[in-house]
Amino acid sequence: MNKVSVTPLWPVDTRFVEDLKKAAQDVECVSLDIFDTAITRTVDSPVDVFAKVEKHLLLIYGKCATGFASFREQAEQQARSKKAALGLQDITLRMIYDELAFLMPDFEFIDGAMQQELEVETLVLVPVPEILAFVEHLSEIGKPYIFVSDMYLPAPFLERVLSSMGYEGWRSIYVSGDVNASKAKGNIWSIVKKKHPIDSMLHVGDDNWADGFCPTLLGIKTRLFKRAQSNRRLGANLTPDVLPFSYLSRMQKIARERYSTVKLNPWYELGSGLGALLVTAFINWLDEKVRTNKIKRLYFLARDGYLLYQAWKTANINPDVEVKYLYVSRRTLMPASGYLESSENLLSPHLIQFICGTDDNTTLQHILDRISLKNEMIEKELVSEYGSLDVVIRAHSKGRGPFESVMRRHADILYKNFKPQYEATLGYLTEQGLMDDVQTAIVDTGWNGTMQRAINTLLKPANREVCGFYYGLWQQTAVNRYSSGYMESALANPFEMVSDNPEVALAVGLLEELHGSPRQSTIGYKRIQDRWEPHTPEVKAEREQYDEKIEFFQRGTLEGVFSLFREGKYMTLDIQDCTIPAAKAALASVFLSPTEEELTLLGSLGHALMFDHSTFKSMLAPIPDMDEEAKVLIEGNDWRPGLLKYWHSQASDREQRQRIRNLALTHLGPYMNERQLRQFWI
Amino acid sequence: MLYPNSMDRLGLPVTTLVGKGKVCIVMRTKNRPVLLARALSSVLAQRYQNWHLYLVNDAGESVIPLVNQYLGSFKNRLSLITKHTSEGMEAASNTALREALFFNINKRNYEFVCVHDDDDSWHPAFLEEMVAFLNKETKYVAAVSKHQLVYERVHNDLVFEESRTKGFTPDLILLRDMLKCNQFPPICLLIRVHAASQIGMFNEQLPVLGDWDYNIRLMMEGDIGVVTKELAYYHHRRSAKDSYGNTVQAGVDKHTLYTALYGNSMLRSLLQEHPGYAGLVHAMEYCAHEGLKTIQYEFNRLDTKIRDENLEMREHIRELDIHQDVIIHQLRQLTEKVSMLADKMDKRKSILQRLTFWRK
């Protein structure tokens with residue numbers, strides 16, 4: 001293997017190296033861990049190597065290699081579970097591939113795959129500057145050093161890799177799989193002891209237990225080095241689709257270390273990573289749909305379409321298409337379309353459903369206020385039914401029945417009440433050109449297609465119709481499929497089960513917040529100088545969140561989008577990498593299996609559950625004492641994996657952790673697979 | 001040779017079975033635009049895109065305005081066939097099959113064919129998984145997936161889902177079971193075009209049960225493999241009496257009638273060609289009847305035994321009840337004695353207290 005000449009990952013942390021030098025002064029020998037210490041990988045999580053191997057195997061052997069990465073991981077688990085029965089301390093690569101042969105009986109190229117894994121490892125490994133500098137110093141002063149690693153890869157292979165990375169002159173290399181003893185058990189040191197003085201030794205590594213606690217017990221001096229440590233995303237996807245995000249995420253971490261003097265806003269960083277990949281993939285997809293359907297004008301719907309609107313303009317991918325940002329919301333569209341479908345005698349089911357929409361905090365008074373209904377007779381009837389207008393009407397509660405009856409009984413009053421809203425909304429849509437004879441589509445994050453249905457209901461009398469392109473649509477879309485008109489979605493399809501897309505279904509709140517606009521929800525339209533202007537009163541908490549967090553996320557995203565569409569490249573990403581499956585894999589990594597930093601960052605967001613933005617709840621909450629209370633919190637949360645992961649990280653004892661596991665099984669089990677759920681079992 | 005003989009009659013070398021995998025989708029519709037919109041979306045949402053859809057409007061209201069909404073996305077993969085006289089579902093399917101498989105066989109070069117009813121839908125992975133399965137498993141003439149049964153109702157232009165359950169498709173499709181009754185709904189099935197060409201058209205004489213008849217003929221050519229994932233959705237509307245009703249739900253009486261007529265016809269066909277089989281059928285029926293009698297006898301014997309044991313148990317319970325009564329009686333007596341003793345103790349205590357007071 002030739003020596004590779006690579007740019008150092010980051011500038012050497014001289015203070016740390018000086019500390020190592022000092023610590024090495026009074027020992028006879030130095031021991032170094034290999035992975036994430038002397039060398040590290042350029043992928044986000046070590047298992048992502050298997051995804052890269054699968055990608056290579058698919059190119060070499062074709063479809064028969066599909067699923068390799070996942071089987072490779074399982075094979076390692078099975079080999080590990082068998083090792084105890086065989087009286088072994090650790091496993092070898094050969095043992096793993098023997099297991100793999102059972103798991104992939106139709107795959108005939110097991111040895112070829114093993115060779116590929118070794119080749120891929122060499123491709124993704126890079127030396128760590130601090131350890132390289134330290135080793136150079138050791139060589140200069142003539143102090144012996146050795147490598148000690150818990151690894152299944154064979155020692156001769158590791159020796160070749162290490163020397164190609166610039167390491168030379170080590171005295172010995174001890175690899176757990178080869179010597180049948182490990183650092184994690186501590187028994188590898190008795191083998192090291194035969195040739196090297198462990199009572200006068202310094203060991204450097206990244207693992208608290210294997211490199212810190214265990215050797216310290218034996219009197220070995222230790223230094224922990226975490227700078228090169230990669231993430232352990234136990235719940236991320238393990239297919240080749242994860243690779244674009246994996247490289248990007250790792251590169252971001254490396255860049256953070258490389259330019260440690262420049263403190264990047266973490267929201268900006270999240271945007272330039274996850275955001276850029278996701279939004280570019282969607283814009284590519286959208287462009288294809290726009291061309292296929294010969295769309296000439298696109299309306300991006302407020303508020304969640306804001307980032308997508310900016311991204312489309314930034315990408316400048318299809319200048320022939322006219323783009324507009326449309327200030328609409330359920331609060332303006334539903335009463336307007338509901339009015340059109342109702343009469344003085346009968347309110348449409350859609351309108352009733354809209355009026356009565358509640359969360360766990362909505363009072364009768366609040367419902368009346370948000371539809372601007374002031375009528376003594378109705379208020380009196382409601383008071384006689386409920387006792388007070390301050391009664392909370394919960395979603396799905398039976399208590400909604402009498403309220404709906406009162407509304408239906410007074411259809412004439414409500415019908416008149418909604419007329420001005422209908423006229424204003426229709427006026428605004430007309431002014432914005434929705435009645436023009438142009439092939440038109442709307443763009444939004446999506447979910448139920450109700451906005452498209454409402455718009456098309458309003459356009460129908462003029463014989464106009466829009467189609468819709470979305471991030472995701474749920475099965476409930478089937479209700480409106482015919483009346484909504486043509487619609488397509490990129491990330492979640494209405495013919496799939498929710499469990500097919502947990503990365504979208506369990507993070508709707510995050511997606512909506514990250515895509516929102518600085519202007520708040522449209523609650524109506526005002527006539528100003530012969531034009532209809534959207535009325536978007538400011539909600540302080542939401543505005544602050546935008547200014548302090550979302551704006552940075554969106555800036556990062558747009559910078560990535562700009563580079564990708566202009567240069568075809570951004571950091572490790574190629575524009576061709578930005579596919580919908582890659583975007584979904586990225587969402588799964590961050591939303592279903594967040595790192596501690598991502599959890600803290602995204603968990604700091606608040607989200608409005610109701611269309612009227614009356615409540616703005618934080619994504620995370622402290623662990624409640626009672627399971628019933630926990631159930632309510634989880635079910636009302638728009639980022640369940642985040643909430644449960646937070647609780648898991650906060651659990652103070654084994655019993656509480658077990659409780660969180662049970663909650664995760666109950667509330668995430670129907671959506672997430674066993675592999676994704678295992679992050680709660682560490 | 002008795003085994004194997006699946007696909008023998010097709011006489012095809014395995015190499016001809018794996019090609020570009022183009023799928024011919026047949027969809028028939030009549031006055032159900034609300035459901036047709038969903039069916040068209042279901043086809044378009046397939047991850048596997050190498051298909052062509054033949055949509056047959058069986059003399060219903062025009063579907064052109066609806067189809068126009070979807071036209072761009074179909075990218076010339078849609079042929080709309082409008083019939084001016086309705087001759088039933090099977091005839092509508094045949095119109096499409098004739099157009100797709102027989103008139104245009106060289107032009108389109110299909111490898112698979114399937115029927116997607118206008119009220120059903122697929123999971124986006126349906127064609128991808130089914131084509132991959134048949135490409136791998138060359139011994140099957142067709143494949144079926146497992147499915148979900150979706151109950152729904154149509155109100156105005158809205159479709160409300162009422163419930164969703166696991167549909168029944170056996171793990172193995174047995175010809176003998178197929179002769180008894182149909183084993184799966186049509187939305188689950190993907191057929192090799194070679195097999196479809198061999199067995200010909202749907203039977204237009206059958207106003208219902210056409211798919212059962214077709215599947216029996218299909219199984220006479222070879223086996224049907226099962227993909228164990230739920231990749232199809234079989235939609236039912238229990239209450240609909242209009243054009244939105246299912247043939248299964250809205251035509252229950254017709255199903256009963258034609259099950260009888262079809263069964264008679266199957267047997268008659270055999271006996272007309274081979275009168276001697278009357279004896280075999282009689283013998284089989286006799287054996288089945290005798291077998292049934294044996295089972296009935298055994299059942300009666302077990303029933304009697306269980307009843308006898310039941311009686312014994314009751315007797316035991318009665319005895320236990322008596323014992324229990326005795327024990328309860330004894331306990332009461334004991335309680336009374338304890339109570340009397342307690343009274344005495346109380347009195348003594350009270351006396352002692354007084355004595356203590358007096359002593360002070």
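What covers the buried residues of α7(A)? The cover includes β2 (39–41), α5 (110–124), β3 (125–127), β4 (145–149), β5 (173–175) and α8 of chain A, where contact means heavy atoms within 4.5 Å. The helix α7 itself spans residues 155–164 of chain A, and its buried residues are Ala155(A), Phe157(A), Leu158(A), Val161(A), Leu162(A) and Ser164(A). Buried denotes under 20% relative accessible area, exposed over 50%, and partly exposed in between (1.4 Å probe, protein chains only). Helices (H or I, at least four residues) and strands (E, at least two) are DSSP runs, numbered from the N terminus. After α7(A) comes Gly166(A), with a positive phi near 105°.

This is a predicted model, in which local features need pLDDT of at least 70 and side-chain atom pairs count only at pLDDT 80 or more, while totals for chains, interfaces and linings use all residues. Residues are numbered from 1 along each chain as its sequence is written, chains are lettered from A and ligands numbered from 1 in the order in which they are written, and side-chain values use heavy atoms, with hydrogens and water left out.

Chain A as a whole contains 30 helices and 18 strands. Its C-alpha atoms fill a box of roughly 95 × 55 × 50 Å along the principal axes. Of its 682 residues, 59% count as buried. Among contacts in chain A between residues at least 6 apart in sequence, 73% join residues at least 24 apart. The accessible surface of the chain is about 28,500 Å², with 50% belonging to carbon and sulfur atoms; such areas come from the Shrake-Rupley method with a 1.4 Å probe, and for residues only the protein chains shown count as cover.

Two residues illustrate the interior of chain A. Lys183(A) lies in the loop between α8 (176–179) and α9 (188–193), and it counts as buried because its relative accessibility is 3%. Its side chain makes a polar contact with the side chain of Asp211(A) at 2.7 Å. A polar contact is a pair of N or O atoms within 3.5 Å; within protein, one must be able to donate a hydrogen and the other to accept it, and residues adjacent in sequence count only if both atoms are side-chain atoms. Beyond four places away in sequence, the residues that Lys183(A) touches include Asp33(A), Asp150(A), Trp189(A) and His203(A).

Leu326(A) belongs to strand β9 (residues 322–326) of chain A. With a relative accessible area of 0%, Leu326(A) is buried. Among the residues it touches, leaving aside those up to four places away in sequence, are Tyr299(A), Phe300(A), Tyr428(A), Leu434(A) and Ile455(A).

Side chains of opposite charge can pair when their charged atoms come close. In one of them, Asp19(A) joins Arg223(A), with the closest N and O atoms 2.9 Å apart. This pair links distant parts of the chain, Asp19(A) being in helix α1 (residues 14–25) and Arg223(A) in strand β7 (residues 221–224), 204 residues apart. Asp19(A) is partly exposed at 29% relative accessibility, and Arg223(A) is partly exposed at 24%. Lys419(A) and Glu423(A) form another salt bridge, at 3.9 Å between the closest N and O atoms. These two residues are separated by about one helical turn because they are four residues apart in helix α19 (residues 411–431) of chain A.

The account ends at the interface. Here 22 residues of chain A are in contact with 28 residues of chain B. The two chains bury about 2,000 Å² between them, 57% of it on carbon and sulfur atoms; buried area is the accessible area (1.4 Å probe) that two parts lose on being put together, summed over both. On the side of chain A, Tyr482(A), Tyr486(A) and Phe495(A) lose the most area to chain B, together 36% of what that side buries. The rule finds three salt bridges across this interface, and Lys136(B) and Asp106(A) meet in a salt bridge at 3.2 Å, N to O.

Methods
Salt bridge = Lys/Arg side-chain N within 4 Å of Asp/Glu carboxyl O.
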